[in-house]
Amino acid sequence: MPEDTRARQRTGAGVGLLLTLVLAAVLLTALPDDREQDGDDCIPHTVGSWSTDDRLTTEFARYGDDATRTDDWTGGDGTHSVRLPDGRMLWLFSDTYLGQVHGPPNPVGESYAWRDTTAPLVRNSAVVMRDGRLQTTLPAPLFPDPGPNQWRWPVAARVEPRSPGSSEQVLRVLLWVRTAGSAPWIYGVPTATEVATLSLPDLRVESVVNVLDQQQVQDPSRRVLFGTTLVKKGDWTYVFGGDDGQAASRPTSSAYVARVPEGGLGDPAAWEYWDGSAWTARARPAAVLGDGQRTGVGSAFSVVRQEGTYMLFTMASGTKGLTTVTSYWSCSPTGPWHGPTKDFSPTLPPGQVAAYNPQTHPELSDDGRLVLSYDVNWLEPTGAAAQLNRNVSLYRPRFVTLRLAPKA
């Protein structure tokens with residue numbers, strides 16, 4: 001074969017390979033991004049300003065101090081809320097004190113309203129609000145214990161179709177199942193994520209299904225419970241969760257995310273988990289935020305979508321995590337998450353107390369305002385119950401109003 005013919009063949013092969021590579025690059029660029037970026041309207045955000053929301057804080061104090069009933073809410077933590085189709089708000093709580101509140105002074109002479117030490121403590125409760133006023137506590141506990149030495153803590157909730165495409169709406173409540181354990185698991189060993197279905201408008205618990213059992217994960221600090229916060233975008237509900245890294249003495253825990261199509265929260269087969277590169281039905285989630293040191297989340301956190309930007313609120317890492325809320329931002333639920341950005345330290349009552357569980361309440365937010373609650377508890381677990389009973393104002397949610405702003 002003449003040399004010029006062989007040269008033309010080599011050149012043709014080289015051009016063909018180049019065209020193939022260029023075409024592959026074009027096709028890869030055109031493929032949908034699994035990270036589901038929100039587009040050009042995603043810009044860095046931070047907390048521009050914040051102020052106390054005395055109206056909501058005072059309303060929970062009024063309701064908790066009302067002594068006309070002995071079977072209603074007088075204090076609780078794990079504060080979550082959901083707007084019902086008829087306009088009511090349902091507030092969900094984890095550990096809850098019932099009983100009766102007595103006016104000051106308390107038995108040791110302090111000027112605090114107080115509870116008797118025999119006041120019932122239940123693992124969860126739900127309180128109905130209408131037109132900004134708390135009205136009634138549903139029979140508590142609303143979600144019975146799943147087994148001996150186990151309990152259910154309700155977390156995020158949303159109203160959705162009973163099944164994909166159904167015209168009937170139901171309330172879905174995410175539940176964390178925890179099992180009694182010894183130190184460092186004084187607040188229970190993470191066990192499973194469940195979803196309860198409640199009928200509307202009567203709020204009757206119809207069923208509870210286990211969507212992610214974590215008992216086979218040997219290291220409890222690596223077990224992931226989902227439902228600390230939900231974000232809806234299009235036909236998907238993004239369900240965020242976390243591990244218990246802080247219980248294993250890591251400065252922070254890690255955040256994870258799953259997604260479920262509209263109407264599928266109660267169907268374990270409908271759940272997909274982000275594994276670090278794609279959505280998969282296999283329950284092997286990969287962390288989307290958290291290096292175990294400087295960045296990460298507290299035991300509970302909250303995410304909202306501000307136009308095309310996702311904002312995550314959590315307690316700061318280290319000792320600041322007892323008093324200070326920080327935030328991250330991202331263009332996608334799966335990250336990358338940027339931050340932490342501007343911190344703020346909400347008001348705390350006097351004493352050895354800590355803030356935790358910052359939760360946003362978009363259904364109460366409007367006109368550029370974002371309502372966020374935080375819970376307060378006695379810092380030392382030993383003797384905490386006595387302190388919470390001698391001053392009932394401690395163990396109740398407090399509220400702030402945030403205004404988000406583009407990050408300079």
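Entry 1: I started at Leu203, which sits in the loop between strand S13 (189-198) and strand S14 (205-213). My element names follow DSSP runs, numbered from the N terminus: helices are H or I with at least four residues, strands are E with at least two. Leu203 is not a glycine, yet its phi is positive, about 60°. Buried or exposed, I wondered of Leu203? Leu203 counts as buried, at 6% relative accessibility. (Buried is under 20% relative accessible area, exposed is over 50%, and partly exposed is in between, with a 1.4 Å probe and protein chains only.)

A note on what I am reading: this is a predicted model, where local features need pLDDT of at least 70 and side-chain atom pairs count only at pLDDT 80 or more, while totals for chains, interfaces and linings use all residues. Residues are numbered from 1 along each chain as its sequence is written, and side-chain values use heavy atoms, with hydrogens and water left out.

Entry 2: Most residues other than glycine have a negative phi, and most peptide bonds are trans. The bond from Gly335 to Pro336 is cis, with omega near 5°, and Gly339 and Pro340 are joined by a cis peptide bond with omega about 5°. Pro336 lies in the loop between strand S22 (325-330) and S23, and Pro340 is found in the loop between S22 and S23.

**Entry 3: strand S24 and its neighbours.** I moved on to S24 (residues 369-378), where nine of the ten residues are buried. Which strands flank it in the pairing? (I count two strands as paired if DSSP finds at least two bridges between them.) S23 (residues 353-360) runs antiparallel to S24, joined by six bridges, and Ala355 stands opposite Val376. S25 (residues 398-406) also pairs with S24 in the antiparallel sense, over six bridges; there, Arg369 has Arg403 as its bridge partner.

**Entry 4: aromatic rings.** My search of the whole structure turned up 16 aromatic pairs. (Rings of Phe, Tyr and Trp, the last by its six-membered ring, pair if their centres lie within 6.5 Å; planes under 30 degrees apart are stacked, over 60 edge-to-face, the rest tilted.) I noted Trp91 with Phe399, an edge-to-face pair at 5.7 Å centre to centre and 85° between the planes. Trp91 belongs to strand S4 (residues 89-93) and Phe399 to S25, so this pair ties together parts that are 308 residues apart in sequence. Trp91 and Phe399 are both buried. Next I took Phe226 and Trp271: their ring centres are 6.3 Å apart and their planes at 75°, so this pair is edge-to-face. Phe226 and Trp271 are both buried as well. I also wrote down one aromatic cluster, formed by Phe60, Trp73, Trp91, Phe93 and Phe399.

**Entry 5: charges over rings.** Here NZ of Lys or CZ of Arg must be within 6 Å of the ring centre and within 35 degrees of the ring normal. Arg115 lies over the face of Tyr97, 4.2 Å from the ring centre, and Arg259 over the face of Trp236, at 4.0 Å.

Entry 6: The largest pocket has a volume of about 1,500 Å³. Of its 49 lining residues, Ile186, Tyr187, Ser299, Tyr356 and Asn377 are the closest to the centre. (On a 1 Å grid over the protein atoms alone, a pocket is an open set of points where a 1.4 Å probe fits, with protein on both sides within 12 Å along at least five of seven lines; lining residues have an atom within 4 Å of a point. Points are joined across faces, edges and corners, and the volume is the space filled by probe spheres set on them.) S23 gives the most to this lining, with four residues. The second largest pocket holds about 670 Å³ and is lined by 31 residues, with Leu230, Val231, Val304, Pro362 and Glu363 nearest its centre.
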